[in-house]
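Q: Please take a close look at one chain of this model and at the partner chain that touches it. I should like a connected account of the fold, the confidence and the contacts.

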Amino acid sequence: MEQLFALTPLIPVFPLLAFALIVLWANKNNKLSAGLAIGGIGLSTLTSWAVIAATVAAGHEVQIAGWSLPVPWLPTAASIFNTGFAVDGFTAAMLFMVPLVCTLIFIYAAEYMEGDPRYARFFAYVSLFAAGMLTLIVADNLLLLFIAWEIMGLCSYLLIGFWFEKDSAKKAGLKAFLTTRIGDVLLFAGMLFLYSRTGTLTFREIFKPEVLDELSRMLIWGLPASTVISLLVFGGAVGKSAQFPLHVWLPDAMEGPTPVSALIHAATMVSAGVYLVARMLPLFAIVPQGTLSWVAIIGSVTAFFGATISIAQNDIKRVLAYSTISQLGYMMIALGLGGFLAGVFHLLTHAFFKALLFLGSGSIIHAVHHGAEHADDHHTDPQDMMNMGGLYAKMKRTSWAYFAGTAALVGIFPFAGFWSKDEILAEAWVQWHEAGSIGLPFWAWLAGTLGAFLTALYMGRQIGLVFFGKPRSKAAEHAVEPGNRMTVPLLVLALFAAFIGFINVPFIANGWLHHFAGLVHEPAEVLHLEAVPFQISVALVSTAVALLGFFLGWGMYRNLKAGQQDPLARMLGPVFTVLKNKYYVDEFYKFVFIDTTVALANFSAKFDYDWVINPIVNFVGNTGRLLGELSGRIDTVVVDGMGVLGTARLFKWMGRELRLTQTGQAQNYLLVIALVSLSLIAMYLFGI
Amino acid sequence: MEPIITWLANLLANVSWWPWPAPPSAAIIIWVVYGLFIAFGIAPLAMIVLTWLERKIIARIQDRIGPNMAGPFGWLQAVADAIKMLTKEDTTPAGADRIPFNLGPGLIAVSAVLVFAVIPLAPGIIGSDLNIGIFYVVAVGSFGVLGTLMAGWSSNNKYALLGAFRAVAQLVSYEIPMAISLITVAVVAGSMSTLTIIHNQAVANGGWYIVAMPITFLVFFLAGMAETNRSPFDLLEADSEIVAGFHVEYSGMKYAMVMIGEYVHMLALAGLSATIFLGGWRGPFVEQLYNAVPILGGLLGLVYFLAKVLLFIFVMMWFRGTLPRFRIDQLLDFGWKFLTPLSLFNLLTSAFVVKLFQPAGTAGVALPAGPLAGFGGLGLTSALLISNLLVAFIASLAVRSLARRSRGNVLKAVAGVEG
Amino acid sequence: MQNIPLTWWLSVATALFSLGLYGALSRKNAIAILMGLELMLNAVNINLVAFNRYITPQNVTGQVFAVFVIAIAAAEAAVALAIIIAAYRQRGTVNVDDLDSMKF
Amino acid sequence: MTEQIVFFIFTIMVLGGGLGVVSTKNLYYAALFLSLSFSGMAGYFIMLNAGFLAAVQIIVYVGAIAILILFAIMLSRKVMTTNEPQTNKQNWLALIVTPLLYLTLIFLVVKVNWPVSSAAPALDVLTQMGAQFLGGYLIPFEVMSVLLLVALVGAIILARDVEKGRE
Amino acid sequence: MQNEFIFVGILTICAILLPVGGMGMSWMLRPHKPNKLKQTTYECGLETVGETWAQFKVSYYIYALIFVVFDVEAVFLFPWAVAYNKLPLYALAEVLIFVLILLFALVYAWRKGALEWI
């Protein structure tokens with residue numbers, strides 16, 4: 001089995017190959033392109049399974065220490081940049097999720113994207129994206145990870161703006177690109193610091209206890225190096241995983257085709273940030289009250305905050321988008337509390353059920369869109385839940401799959417989300433009780449529980465609005481279930497959403513995932529990695545709030561009539577407006593950053609214009625002249641002072657004369673350079 | 001040889017006017033003798049013999065007899081020509097730049113003669129086994145380009161100038177494929193030294209490179225022909241278009257220098273091709289004989305070498321006799337759009353094949369052996385042959401499809417005109 | 001080899017550099033200026049190789065650098081001459097005194 | 001002794017060529033002087049155990065750059081008259097600055113105590129060089145190909161577009 | 001000094017002696033009777049019209065330009081070729097990149113029409 005590890009580097013190669021083939025050769029043939037993309041990712045899936053099998057068979061030691069293949073990559077004159085591939089339990093768990101979800105989404109997209117004029121291009125992009133994501137997972141160092149990270153950023157930009165004829169899509173792509181760029185720059189800065197301080201970017205080498213120790217003792221800007229670096233790395237993760245305050249791009253990213261939303265903005269790419277934090281967790285954990293608590297705080301804020309916005313959205317995909325933000329917040333809570341496995345577990349389960357929900361919503365949109373075309377109605381927005389209703393009768397398969405996904409998200413026993421979310425809350429609960437006082441763990445638990453309630457509420461609202469009641473538009477009346485290529489992936493994902501949770505149930509196989517993937521940070525010796533015992537009280541509380549929320553939402557919305565006012569809006573009043581407008585964060589950013597920047601830019605532009613076009617001396621001369629004239633005038637009035645006017649004239653004359661030094665002739669400049677270097681050498685020589 | 005050299009060295013040591021404190025070593029004397037032999041023996045001989053040979057061969061190809069009056073087979077004709085060149089009045093056009101005008105032909109001749117420094121004539125007979133051997137050949141060729149440009153420019157003649165610029169465009173265009181095919185050889189031989197290249201062509205090491213790398217040879221030879229301005233690449237002197245190209249204003253001895261340059265260059269190309277692709281002096285019994293009686297072995301090697309050289313010379317003349325001249329656009333297209341990409345692809349595939357057969361690391365470098373290293377030299381030869389043929393096949397396919405497309409365009413254009 | 005001290009090479013290189021600099025500073029014709037620049041680059045190459053030979057004879061780093069310098073000089077010459085030709089075609093002059101659009 | 005004589009000959013070539021480049025009024029001669037200077041430099045390189053570099057010098061400078069310069073002179077020669085002075089207004093300043101710079105640098109050269117090593121020169125220059133191109137200097141090596149590409153693209157655009165505008 | 005280059009120097013001197021000697025000998029042997037008509041520019045007997053420096057094509061320059069680029073490429077490849085057998089597989093990969101970038105340059109020149117003689 002050991003030999004199977006050697007296949008690891010091949011995993012990202014297949015989609016990359018598919019990308020290259022589509023771009024260079026198959027781009028004229030839609031069927032072939034889709035086939036290539038699906039084939040590529042399918043092969044990756046199979047390869048991944050082989051690698052997973054090898055990991056399972058290799059036993060505990062390998063699952064912790066991992067298999068790795070270092071590759072000396074870029075020799076510079078002084079040192080060598082190493083890169084390489086590694087597989088440990090955590091990677092293997094990710095390798096199970098990513099290619100599988102990708103494959104299902106690709107199959108789904110093959111039908112969903114039919115009739116698009118850029119069909120082949122779509123598959124090229126998603127293949128490249130998959131290659132990036134898979135590289136990111138199997139990378140054994142930050143450099144390769146960063147490259148993959150950027151590839152994904154690029155693909156995300158391309159795919160969000162895929163329908164670039166739409167102005168909003170174009171803008172959304174740009175927004176996503178620029179917002180995540182902030183995080184990327186931070187991450188890159190962190191990498192630079194890390195490399196300059198440790199001379200390596202390989203995970204395994206960074207996490208040696210002595211290196212970590214050294215990092216915690218070195219100082220950058222008066223702070224421990226580990227704190228600075230981990231904060232910077234976390235900045236990258238915040239951007240990629242759409243955490244508060246860089247979450248604004250994710251909802252807009254829903255302008256992309258729905259499979260893209262499922263693929264990039266739910267299942268895989270946004271989880272890259274979480275993956276990064278999980279991967280780098282020992283670095284965060286060196287200073288206990290430093291960065292980790294920031295992770296937890298940001299996570300808690302995001303989890304609660306995303307959920308609240310979500311309840312006021314009408315766009316079916318936007319609800320899910322904010323839900324994603326909120327769920328990513330849960331993962332950050334877990335990681336921030338040091339619960340490595342809880343975060344990872346939720347990452348895995350969330351990928352499955354959120355992909356399912358997105359694909360389901362895509363299927364619904366597809367159906368409503370069809371219906372709208374059938375009814376010859378081109379004004380109905382097929383994504384607006386207010387235009388839906390009663391779809392259960394029309395699309396049974398999608399509905400059941402969607403119910404499964406909802407149950408998983410809301411956390412109904414025994415669906416996947418129940419186990420993973422519960423573990424996070426239990427982590428917070430246990431730490432709260434251990435601490436014995438109301439601290440961060442308590443607030444995290446509270447945010448999580450409230451978030452769970454809100455999650456259930458908006459999901460109940462969504463289910464009620466979409467599937468129940470009477471159709472509120474012609475389009476919804478004529479909706480039809482899409483074909484097998486779309487529904488079968490849904491059903492497969494539904495199975496996983498229902499049962500994937502059992503890989504880490506404390507009562508079954510002793511929390512199998514914990515032993516498989518949860519201990520990879522053991523060698524770093526900074527984290528407590530014991531599994532949290534099952535907390536029946538937490539489970540009961542969260543189940544209770546979930547059920548309550550769900551039925552509240554469902555009950556309020558299931559019989560909503562067309563044109564009727566939103567019941568929650570009636571109840572919450574102005575609060576609802578705030579939520580509907582996402583707390584005005586976008587507007588705030590526009591005001592604070594964009595407008596300021598534009599103003600600053602305008603200012604600089606004017607400044608530059610007056611400064612560069614006319615040379616410095618001219619500027620000085622002009623200023624002097626102005627001043628001179630001003631004082632001259634005052635003086636004329638007061639003492640008729642000719643001397644001051646003379647000064648002004650002097651400056652004017654100087655300005656005119658000195659500006660002749662700007663001859664525009666390179667030879668003059670060269671002469672000046674020669675003169676200056678001559679004098680510098682002379683000064684050096686004669687010790688002046 | 002040895003006693004004579006010692007005697008010479010002693011003689012020189014006792015000469016009072018000798019400016020150096022130490023007498024010149026025997027090696028220096030041998031080198032001087034050999035250098036004089038090349039410059040004053042091979043070079044003029046090459047011109048005299050080759051012009052005669054060319055006239056005879058071309059005549060035969062064109063169903064004529066060629067020179068037959070002066071001496072048996074007319075061979076004194078060439079000598080007579082040489083004497084005429086020496087004694088003919090030498091005019092310099094009024095508007096010419098005198099110094100470069102006189103330097104140009106000299107530079108052309110020098111650059112051709114210098115190539116012989118690295119061509120082994122027989123086992124043990126080589127001017128200097130430079131470790132940059134074949135690279136050196138490319139380098140000294142550059143002087144010829146400069147000389148041509150000087151000659152054409154300084155003549156103050158439109159034809160000469162046009163000829164010179166055509167010549168330079170041609171020379172530089174074909175220098176690239178030539179250099180790249182030489183790189184291919186260097187990759188296979190692992191060295192640029194001509195001696196090592198000959199050594200590596202022993203049968204035990206895989207045999208002559210012309211067998212292993214026919215495409216490389218072809219590229220090299222064609223590019224070399226273009227570099228020597230031989231027909232069908234002789235359009236820089238295309239008599240019917242630009243009179244005689246860059247040397248239209250030359251006469252007498254300067255013209256002879258240009259001619260020496262051309263013929264010596266031709267000889268050098270033949271010699272290089274023989275060295276690099278036909279194993280130089282290699283042939284049956286040479287080595288055995290050389291080990292037993294060096295002089296006899298050397299002579300036999302020389303005979304083999306000369307035979308190979310003459311073969312190539314004959315091929316070149318044959319080309320001249322049968323092929324029409326290229327048009328300049330065709331010439332440049334052939335160089336840039338066919339030979340250059342072909343040689344580059346050939347280089348890459350050959351390098352790949354070589355890596356497959358690479359023996360395990362030598363001299364302190366830990367290198368794994370290539371997967372096919374066990375097959376040895378002959379395996380490498382056959383694999384290279386296959387890869388060469390494959391490249392040739394693909395190239396021919398590409399040419400065919402391009403030709404078809406351009407023909408289609410022409411047909412379309414014609415149809416458009418008619419319609 | 002030790003018959004020639006290192007300073008000889010450096011002196012020659014310095015002289016060549018100064019000549020090139022003078023050419024680059026005082027010539028009117030853009031092509032002549034370029035030739036001056038090439039001389040300066042070559043002077044640098046002499047230095048690199050001489051230092052390599054005298055100070056670290058065991059490795060060839062200086063020669064590697066010299067090859068890079070030569071390659072860069074070639075690229076520079078190609079582009080510079082193209083610019084000169086373009087300027088000549090547009091303005092009918094290669095005299096840099098006349099090419100002063102950069103003037104304030 | 002021999003070496004010094006050879007060195008002297010090459011120095012005459014290099015510096016004489018250089019002097020010719022900057023002093024002659026005829027650009028064509030200047031280019032030829034430049035080639036002379038380059039050839040002398042190749043001789044230097046041979047003396048300095050850099051035979052390969054000498055060949056590179058000949059190939060690139062004499063065989064390519066000098067030719068390119070001659071072509072450019074040819075293309076722009078209409079305006080070149082050898083009668084009027086080829087120097088510009090700052091000639092006198094340059095005549096002061098460059099000798100000064102020369103003297104200063106010579107002073108520097110003489111003053112510094114160079115750490116000359118007496119080790120034998122490397123024998124496998126070519127192999128080492130190849131290994132360094134692909135090893136320690138890989139990035140410059142690859143960047144060089146990009147640089148050449150960019151130079152080619154830029155030069156073609158510059159030289160051709162103008163031509164189109166003319167036709 | 002590298003010993004093996006001594007012969008190159010000797011040969012250069014000998015080779016320079018060849019044209020010098022040849023021309024010197026012919027200078028002594030040949031007649032010297034220049035006249036105006038002999039010294040006119042040879043254009044197959046016609047009178048020369050206009051300057052020698054006729055309109056000159058940019059294409060020549062472009063070819064020289066492309067040549068420079070590929071010449072430098074070749075310069076880089078020669079040491080690689082010699083060291084190739086002593087380097088691991090990456091030598092091939094790295095040069096592959098190098099050559100492909102320059103092949104791209106060739107393709108660019110081709111597509112751009114810089115290789116057309118028009």
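A: A residue is taken as buried if 20 or more other C-beta atoms lie within 10 Å of its own, with C-beta atoms placed from the backbone. By that criterion, 53% of the 167 residues of chain D count as buried. The model is a predicted one, and its overall scores are ipTM 0.73 and pTM 0.68.

Chain D contains 6 helices and 0 strands, and the pattern read along its sequence is α-α-α-α-α-α. If one takes the contacts in chain D between residues at least 6 apart in sequence, 49% of them join residues at least 24 apart.

Confidence is to be considered next. Chain D has a mean pLDDT of 83, with 91% of its residues at 70 or more. Within chain D, the highest confidence belongs to helix α2 (residues 27–47), at a mean of 90, while the lowest belongs to helix α6 (residues 138–166), at a mean of 78. Over residues 162–167 of chain D, pLDDT stays under 50. For residues 162–167 of chain D, the model has 5 contacts beyond four places in sequence. Where pLDDT is low, the predicted coordinates should not be read in detail.

The partner to be examined is chain C. In the interface, 72 residues of chain D are in contact with 67 residues of chain C. On the chain C side, the elements that give two or more residues are α1 (6–26), α2 (30–55) and α3 (61–91) of chain C. Of these, α3(C) gives the most, with 23 residues. Sorted by class, the side of chain C that touches chain D comprises 43 nonpolar, 18 polar and 6 charged residues.

Helix α3(C) also packs against helix α2 (residues 58–83) of chain E, with the axes 10 Å apart and at an angle of about 170 degrees. Because angles over 145 degrees count as roughly antiparallel, α3(C) is roughly antiparallel to α2(E). From α3(C), the residues that meet α2(E) are Val67(C), Ala71(C), Ala74(C), Ala78(C), Ala82(C) and Ile85(C). Their counterparts in α2(E) are Tyr61(E), Leu65(E), Val68(E), Val69(E), Val72(E) and Val75(E). By class, this contact of α3(C) with α2(E) has 12 nonpolar residues, no polar and no charged ones.

Taken together, α3(C) gives the most residues to the side of chain C that touches chain D, and α3(C) also packs with α2(E).

Methods
Residues numbered from 1 in each chain as written. Chains lettered and ligands numbered in written order. Predicted model: local features only at pLDDT ≥ 70, side-chain atom pairs only at ≥ 80, totals over all residues. Contact = placed C-beta atoms within 7 Å. Helix = DSSP H or I, 4+ residues; strand = E, 2+ residues; numbered from the N terminus. Nonpolar A, V, L, I, M, F, W, Y, C, P; charged D, E, K, R; others polar. Axes fitted to C-alpha atoms, helices over the stretch in contact; angles between N-to-C directions. Parallel < 35°, antiparallel > 145°, perpendicular 65-115°, else oblique. pLDDT = per-residue confidence, 0-100. Buried ≥ 20, exposed ≤ 12 C-beta atoms within 10 Å, placed from the backbone.
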